[in-house]
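Visitor: I would like to learn how to read aromatic contacts. Could you walk me through them?

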Number of protein chains: 2
Amino acid sequence: MQNFVFHNPTKILFGAGQIAAIGPEIPTGARVLITYGGGSIIKNGTLDEVKQALAEVATVEFGGIEPNPTYETLMQAVELARREHVDFLLAVGGGSVIDGTKFIAAAIPFDGDPWEILSRQAPIRAAVPLGTVLTLPATGSEMNGAAVITRAATHDKLAFIDPSVFPRFSVLDPTKTFTLPPRQIANGIVDAFAHIAEQYLTYPADAKVQDRFAEGLLLTLIEEGPKALAEPRDEAVRANLMWTATLALNGLIGAGVPQDWATHMVGHEITALHGLDHAQTLAVVLPAMLQIRRLDKRAKLLQYAERVWNLTEGQEDERIDAAITRTRDFFESLQVPTRLSGYGIGEEAIAPLVAQLERHGMTRLGERADVDLERSRQVLELAL
Amino acid sequence: MQNFVFHNPTKILFGAGQIAAIGPEIPTGARVLITYGGGSIIKNGTLDEVKQALAEVATVEFGGIEPNPTYETLMQAVELARREHVDFLLAVGGGSVIDGTKFIAAAIPFDGDPWEILSRQAPIRAAVPLGTVLTLPATGSEMNGAAVITRAATHDKLAFIDPSVFPRFSVLDPTKTFTLPPRQIANGIVDAFAHIAEQYLTYPADAKVQDRFAEGLLLTLIEEGPKALAEPRDEAVRANLMWTATLALNGLIGAGVPQDWATHMVGHEITALHGLDHAQTLAVVLPAMLQIRRLDKRAKLLQYAERVWNLTEGQEDERIDAAITRTRDFFESLQVPTRLSGYGIGEEAIAPLVAQLERHGMTRLGERADVDLERSRQVLELAL
């Protein structure tokens with residue numbers, strides 16, 4: 001096991017009805033900016049429920065944060081928050097709203113152009129505290145200090161990580177996911193699966209607990225994912241899915257082990273240039289990435305084959321092939337295509353994607369920093 | 001899954017050499033009381049290492065906190081801390097030192113007799129902040145808000161839990177465990193095992209992740225425990241053991257599921273009256289407790305048999321018997337006897353133990369609150 005620091009101070013309020021408990025979690029006298037996305041939380045009553053829980057609190061609202069939240073939109077919220085002297089942010093939505101709200105939190109007191117938080121990883125000296133009400137199990141943003149933001153004007157999709165933007169609290173109410181479209185649930189399952197793979201399918205680090213936990217999360221996704229689509233109002237299933245997605249990226253399974261993230265970095269460019277959902281890009285890139293890097297990941301792929309897919313027969317290479325195929329089939333079974341061609345993207349797209357990776361300095365990706373532009377190109381070709 | 005609140009703000013500094021990193025974790029200008037046990041940290045150099053890391057910090061020391069830390073000893077530390085105007089506590093040791101330090105932290109500002117924190121669960125309005133340097137993987141106290149304290153004069157062994165006594169940080173350096181006697185390592189493995197069993201072997205709550213995590217921790221103990229005894233200086237093994245013991249009782253696997261703790265409550269009385277090590281009492285009580293309550297715990301015992309011990313053949317009752325036998329054999333393989341007779345305790349001890357349980361109000365134990373004094377007596381008889 002590698003040395004590590006683990007510190008996750010987010011308080012989780014889990015279960016049906018927990019929105020009613022957020023009042024005491026907001027600092028006394030705080031002026032709260034409630035942020036949200038396209039407005040589904042207005043239609044389904046979640047915003048009203050939040051406002052009822054905050055009846056004694058002064059609130060301002062900012063809606064319209066889009067999937068792959070943009071710098072352009074978020075800066076409008078920053079201006080509003082500065083004008084209104086907001087001192088607490090409450091994100092109500094999925095990973096995009098939460099990621100966007102983290103950027104708002106860091107940008108409000110930032111001295112200079114907040115884009116520098118992303119473009120040159122400018123240090124964050126302070127951030128406005130935030131809480132979240134999660135409506136979509138997927139990104140894990142509700143219990144970590146990371147965010148991914150897009151600049152629409154330049155097609156840049158970049159990330160920042162800072163302890164100051166860990167949510168103070170997050171409400172995880174599985175019943176809030178009942179009305180989500182199947183595509184978003186499927187995307188969430190793929191997203192969580194890929195997060196686990198990025199921290200698990202690397203090389204062995206003799207980290208027995210982290211491996212067992214990662215495998216336990218993958219097994220839960222495989223068991224509960226299809227049920228979540230077939231029976232959308234099964235609260236127990238949605239609860240397991242929600243907690244799994246949170247634990248997939250809260251720092252726990254990644255503590256003390258090597259991490260990859262090449263799939264995410266390549267996927268980000270596909271979203272930036274072609275507008276695919278984030279999870280769709282992961283479903284496309286991950287199987288190809290594992291195939292291209294199968295030698296480097298051999299030991300963990302064999303462990304994955306055995307413990308997650310129960311593949312113990314046949315030659316080792318056959319087991320690895322079977323495990324990658326099962327992974328692809330699992331994503332496809334959720335109606336998430338795993339080939340670029342499934343989204344109408346052809347060979348001509350590869351050179352521009354590789355050029356974007358180069359422009360963003362993504363030339364040494366992966367747990368061994370050996371995924372150069374050539375290997376990324378090979379991955380994209382295999383993903384056609 | 002049941003609704004739950006999970007909030008664990010302890011910062012973990014994991015790995016060899018991490019003691020050197022504690023300086024910045026202590027509030028600026030704090031006057032620190034370093035607490036420890038019987039003095040092994042003086043002999044093995046750990047105390048010097050701590051003092052070197054705190055070279056810029058004003059420190060006071062208090063040694064002599066015993067296994068099953070006593071109110072009598074701890075109150076001396078409270079007086080010292082009050083006299084010296086201490087404003088941060090640093091526990092250097094195992095679970096007893098850390099538990100004792102949590103009591104000191106809560107007692108220093110307590111108005112009245114601090115024994116009431118234990119005897120009548122008096123509310124804790126403030127506690128002095130504390131950090132820990134863990135030297136013995138076992139209790140999980142380094143990442144939770146619980147403590148068990150003994151009053152020597154009356155043979156009372158009682159617990160309290162409060163968010164204010166979560167350590168601000170804990171150093172987990174596996175190399176600090178190299179010089180521990182085998183008995184303490186074995187005890188630690190049994191202790192962690194029992195902590196997991198108390199949160200896992202209850203009744204199904206459709207909490208898939210919590211179950212997988214609990215099983216992963218048990219499998220790791222079974223795999224790494226014997227190696228930890230056979231190869232005391234294997235850092236990777238000790239690292240896995242240390243992180244497992246912490247995660248066994250940091251709130252994660254117990255969130256959203258029923259919990260038992262009857263084994264612990266009965267075990268506490270055995271320590272209080274007969275002085276057995278805490279883990280020895282758990283090794284004695286747990287197998288008998290599972291046997292006596294096998295009907296109530298049937299579904300989870302079958303899951304445990306299959307997923308932890310790979311027992312899938314034969315009748316269900318045979319599998320349950322085999323799983324309980326494997327549990328007992330595992331403890332015995334670590335040289336921890338699993339019968340009261342193994343510690344020279346006979347039938348005449350049972351009535352006084354049951355009387356102690358009654359005196360402490362332990363008349364409705366377990367996840368269904370149905371372990372009354374009669375069932376506790378049955379457990380103790382089966383454990384003879």
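**Aromatic rings and their neighbours**

Guide: Let us start with two residues: both Phe14(A) and Trp243(A) are buried, where buried means under 20% relative accessible area, exposed over 50% and partly exposed in between (1.4 Å probe, protein chains only). This is a predicted model, in which local features need pLDDT of at least 70, side-chain atom pairs count only at pLDDT 80 or more, and totals for chains, interfaces and linings use all residues. Residues are numbered from 1 along each chain as written, chains are lettered from A and ligands numbered from 1 in the order written, and side-chain values use heavy atoms, without hydrogens and water.

Visitor: How is a pair of aromatic rings described?

Guide: By the distance of the centres and the angle of the planes. Rings of Phe, Tyr and Trp (its six-membered ring) pair if their centres lie within 6.5 Å; planes under 30 degrees apart are stacked, over 60 edge-to-face, and the rest tilted. The count here is 27 aromatic pairs over all chains. Among them, Phe14(A) and Trp243(A) are edge-to-face, at 5.8 Å centre to centre and 65 degrees between the planes.

Visitor: Are the rings of Phe330(B) and Phe331(B) stacked or tilted?

Guide: Tilted, because their planes stand at 50 degrees, with the centres 6.2 Å apart. Phe330(B) is buried at 6% relative accessible area, and Phe331(B) is buried at 0%.

Visitor: Which residue lies over the face of Trp115(A)?

Guide: Arg151(A), at 5.1 Å from the ring centre. The rule asks for NZ of Lys or CZ of Arg within 6 Å of the ring centre and within 35 degrees of the ring normal. In chain B, Arg151(B) lies over the face of Trp115(B), at 5.1 Å from the ring centre.
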